[in-house]
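Open the model in your viewer and keep the selection tool at hand. The stops below say what to select and what is there.

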Amino acid sequence: GLLQAKELGLQVFHGGTALKDGRVVTSGGRVLSITAVKQDLMEALGEANRAVATIHFQGATFRRDIGHRGLRLLRQPLYVSTGPGTARPAQMFPAAPHIWAISDGPCRKGGGFAAFFDLKASGYDDPILVSQTKGLGAKLQVAQVCKRHDTVGQDLVALCVNDLLAQGAEPLFFLSHLACGKLDAEAMETIKEGIAEACRSAGCAFLGGEVTAAAAPCPPGHCDLAGFVVGAVERGQRLLGLPRAEEGDVLLGLGSPGIHGRGFGIVRNILLTSSLRCSSPAPGSCGASTLGDVLLTPGKVFSPALLPVLRSGHVKGFAPTAEGLLGGISRLLPEHLSAILDALSWKIPEIFCWLYKEGNLSAEEMAQTFPCGIGAVLVVQKDLAQHVLQDIQRQQEAWQIGKVVAPCHAAGSHIEVENLAEALQLSSPRQLLSDPAAERQPLPRKRKVKVAVLVSGAGTTLTALIGSAREPGSCAQLVLVISNKSGVEELRNAARAGIPTRVIDHKLYGSRSEFDSTIDRVLEEFSVELICLSGFMRVLSSPFLQKWKGKILNASPSLFPPIKDGSAHQEPLESGLQITGCTVHFVLEEPGAGAAIHREPLRPGDAEAALAERLQEAELRAFPRALQLVASGAVWLGAHGRTCWRR
């Protein structure tokens, strides 16, 4: 039937075919692709399906649903920029904003597509193009746990478009890429609709997105979502990307309840140790919302409200705060200037107050990690501040939150956020403003648990433990590293991190109990409360294990600890198991699976050497997480030698 298809004026692309004895035969897989090009999509679908029906071979199958989702999408109104500050329905390329190419294969080798945008017709005389790309990171993983994808599209567009505005550019068109372990059509459609809606709000065209089915070792439910936006600014127009702030200038804050960037890594850690789950009722007075609903509140897309203001010439700088309040403001300040903010001057959403308390965070850590209710900051001249603020407030919440000052010392710029701890302890900051004379005691912070790490030079987790202990919200403090061998790399790593070290050579002691007693005395000297074993190659004595029962953590390269022969990565390959991994567990005299704290599963799918390397990487993820669980009190060892969890 190939000749008949060609006679109908269609193109037939060969995929899984071969020539045999002068004949075209199938060679497996996706054999042929029939393509029809018509003025109307419905007409093209009909022609392509008629051609498919003329082609026959043994075992031939074909889909009948291709294109119908595109028909539904084409009925939605679309917008494309036609010049500074204006928009009109897209006419030049009516189907382009809905291209959604799907391909199979590894994350980095997926198929691609091309789309077109007529820049000349957009109304610019001499434009400079500006581009920006962003990914959602940990927030997408929380959305997957909550099974909510209706907000992530707006989040992605907001991240990209708001960063574009920081250069004074108008967003023109947007593209996206989604890679996932297993394609979920419903979730994909929801994300796509969210992106399209957010692009309409931003006044830019959604030219399409690509979806790739990620190959192993990508977990089935894992997804990565990235966006790419291109904008334009007229040559000669004042660019906002350079720090032009001067002493005396005013800082204006734009309200946004969203959490983005590295802040969601901290959110995941807090959820891990909290008694609440994503499905729990939201803290405070958030109505009938769940905690997941509030955490997934999307960031605001600022372009419609801000474009006229940014082009007025009254704004010296603009910066989003997705990566933290302090990080956003620091982008606006020259090295020789500082800033002072008053946290009582704006409304902090309750979710940030909950994160502050539940995450054991300091006010400084909150300002470094979270936007704290401020989605973006503008720098304006003092005598123009009220005029600009009123223009913005006609469309959204905004406040005068601080000012630019000369630094109080010679060490460079510094940003001080006054009254942040007090504001975070209130359900509403305005409550304090109405009663400035009221005295309120600060909430006590949780004490960090003192941790020692025992090493022998063969472990790899010490660096990961040092890094996690420094993260905001960590409940662990590394106070000591003990090695039974001198000169090992872990001792140097600890010294570089400012952690005290001790070498206790087991060869200098007559018995194991004498060696363990010396370690015990040093642990007592540093008031250690928890012990982590990182490649520690000595067997601990029974009296030592009894004294420190429920206080010693170790990792085993198996989901069912411990494997005594140290070759656990061979076990799943030899036995045909479809899943393996590592487990962090309490160290007991009689080991058992009931003492497990955290498991990090992996699918084998590799040769022995590659699997061993992946197990090592899994241990670097699992050990810090398990330490946080125990240090925070979320997990402990029960009286019967089994792990207990806080509910």
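Begin with Phe174, Leu341, Trp346 and Phe370: of the 84 residues in the largest nonpolar core, these touch the most other members. The model is a predicted one. Colour domain 2 (126-234) and domain 3 (249-256 + 293-427) separately; both give residues to the core, so it lies between them. For the second, separate core, of 39 residues, select Val455, Leu491, Leu530 and Leu637, which are among its members.

**Strand β11 and its partners**

Select residues 223-234, strand β11. Nine of its twelve residues are buried, so the strand is largely enclosed by the rest of the structure. Now show strand β8, residues 127-135, which runs antiparallel to β11 and is joined to it by nine bridges. Proline 127 has glutamate 234 in β11 as its bridge partner. Then show strand β9, residues 170-180, which also pairs with β11 in the antiparallel sense, over ten bridges. To find the pairing by eye, pick histidine 177 and look opposite, where alanine 226 of β11 stands.

**Histidine 149**

Move to the loop between α4 (138-146) and α5, where histidine 149 lies. Is histidine 149 buried or exposed? Its relative accessible area is 17%, and the limit for buried is under 20%, so histidine 149 counts as buried. Show what surrounds the residue: leaving aside neighbours within four places in sequence, histidine 149 is in contact with Ala143, Gln144, Ala187, Thr190 and Ile191.

**Helix α9**

Select residues 303-310, helix α9. Six of the eight residues here are buried, so the helix is largely enclosed by the rest of the structure. The buried residues of α9 are Ser303, Ala305, Leu306, Leu307, Val309 and Leu310.

**Helices α7 and α11**

Select α7 (residues 263-273) together with α11 (residues 350-358). The two helices pack at an angle of about 60 degrees, and their axes are 10 Å apart. The crossing of α7 and α11 is left-handed. Which residues of α7 and α11 meet? Display Val267, Ile270 and Leu271 on the α7 side, and Trp354, Leu355 and Glu358 on the α11 side. An α-helix has 3.6 residues a turn, so residues three or four places apart point the same way.

**The seven-stranded sheet**

Go on to the open sheet of seven strands, whose pairing is mixed and whose order is β20-β19-β18-β21-β22-β23-β24.

Valine 453 stands opposite cysteine 532 in β21.

Finish with two helices on this sheet. Helix α17, residues 489-496, lies across β18, β19 (476-483), β20 and β21, and runs at about 155 degrees to β20. Helix α18, residues 512-525, also lies across β18, β19, β20 and β21, and runs at about 150 degrees to β19.

Notes. Residues numbered from 1 in each chain as written. Predicted model: local features only at pLDDT ≥ 70, side-chain atom pairs only at ≥ 80, totals over all residues. Heavy atoms only, no water. Core = buried A, V, L, I, M, F, W, Y, C linked by side-chain atoms within 4.5 Å. Buried < 20%, exposed > 50% of the residue type's maximum accessible area, 1.4 Å probe, protein only. Domains from an automatic or database assignment. Helix = DSSP H or I, 4+ residues; strand = E, 2+ residues; numbered from the N terminus. Pairing = 2+ DSSP bridges. Contact = heavy atoms within 4.5 Å. Axes fitted to C-alpha atoms, helices over the stretch in contact; angles between N-to-C directions. Left-handed = near helix turned anticlockwise from the far one by under 90°.
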